[in-house]
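Trainee: I have a new model open on my screen. Could you show me how to read a few of its features?
Mentor: Happy to; let's look together.

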Amino acid sequence: MKLPRLPIALATLFAGIQIASANLESWPDSASPVTVGKKLTERFLALPHSNFGSPKPPNLITYPEVCVWYGALTFAKASHDQKLTDALVARFQPLFGEEAKLLPRPDHVDNNVFGGLASEIFLQSGDKRACELGKYYADTQWEPGPIRSHQFGATTRERVSEGLSWQTRFWIDDMFMITMAQAQAFRATGEAKYVDRAAREMIAYLKEIQEPNGLFHHAPDVPFFWGRGNGWMAVGMAELLRTLPENHPERPVILAGYQKMMATLLKTQGDDGMWRQLIDDPSSWPESSCTGMFTFAMISGVKNGWLAPAEYGPVARKGWLALTSYIETNGDVREVCVGTNKENSREHYMNRPRTTGDYHGQAPVLWCATALLR
């Protein structure tokens, strides 16, 4: 006898049960996304603008602060905490006036990612000045004007002729810094050119630097699977997949690249729930920023149907529980690799200093808290 098809409402219920079975909905108090996210957001609001750990005031808003600020804003929205949202928006207001000198010069990927923060300020406050700032940083990634186009070499000119950003350099960090500025401009304006740019750029990076195991070397001339570097790729792909329309022609290739990476990360998580400073080296130390980034990418995949909940949900849960155990009472995250330039040396990555409270580590925790609440 042919069984009747499930009613849509019942099928939806079963889908919800499948997500819940991944154990991403119920947490001990110490790992509550609301509690953790609020603690880190309040910690961020209590501190002045950062300068890569130096006590000297910065001369611009740095990209790690952009990442934390963006994460705090998305958390405040996901947790429906208007008080936090208002405080985070208020922190931005001086950049239109007395702190305008801190606006980054749009001449490097690490500076242009600021546009993603400006777009989020617009999305949550409606301030059109922030929208214009977001568009400015997104547009100058492709159209530098007089900023430095006269300095372009033959390689850069060739990449520009292929429709890529002049900031293209095929370092893995770029696939957050470039795609975030563009994806956020698309979210803010609805203009397809921004998401098309981001997708085109991501495709180029996947083609150029993704290894057969799905991971990425820090750069073409540096054959090491650095944790946080791969984290930028994982988060960049997850954020872009959240943004790309379902019928976008580049989406299948990006989704395949993302799933290929997640399959290897599934196998390289430590028994303690953490990923390592060098992903494929179990003897390297557990590093919190990459753990947060990979956990965010997996949470996003499970919740959006890109990854099988039964397979990836427990891994994401294990990552989040491990990550929250690295949070100090004051909201600082420990065991964070400091900012790291590329170098063709295993010892360079193994011996990088570890720190506590570095924004490279604070941001991914906030992104995870947001993803769990979405």
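Trainee: Which residues lie nearest the centre of the largest pocket?
Mentor: Rolling a probe the size of a water molecule over the atoms shows where empty space is left. Here Ser50, Asn51, Phe52, Gly53 and Ser54 lie nearest the centre, among 23 lining residues. The lining divides into nine nonpolar, ten polar and four charged residues, and the space in this pocket is about 450 Å³.

Trainee: What should I keep in mind about the model?
Mentor: It is predicted, so local features need pLDDT of at least 70 and side-chain atom pairs count only at pLDDT 80 or more, while totals for chains, interfaces and linings use all residues. Residues are numbered from 1 along each chain as its sequence is written, and side-chain values use heavy atoms, with hydrogens and water left out.

Trainee: How many disulfides does the structure hold?
Mentor: A disulfide is a covalent bond between the sulfur atoms of two cysteines. The count here is zero (the cut-off is a pair of cysteine sulfur atoms within 2.5 Å).

Notes: 1 Å grid on protein atoms, 1.4 Å probe; cavity = no way out; pocket = protein on both sides within 12 Å on 5 of 7 lines; lining within 4 Å. Points joined across faces, edges and corners; volume = space filled by probe spheres on them. Nonpolar A, V, L, I, M, F, W, Y, C, P; charged D, E, K, R; others polar.
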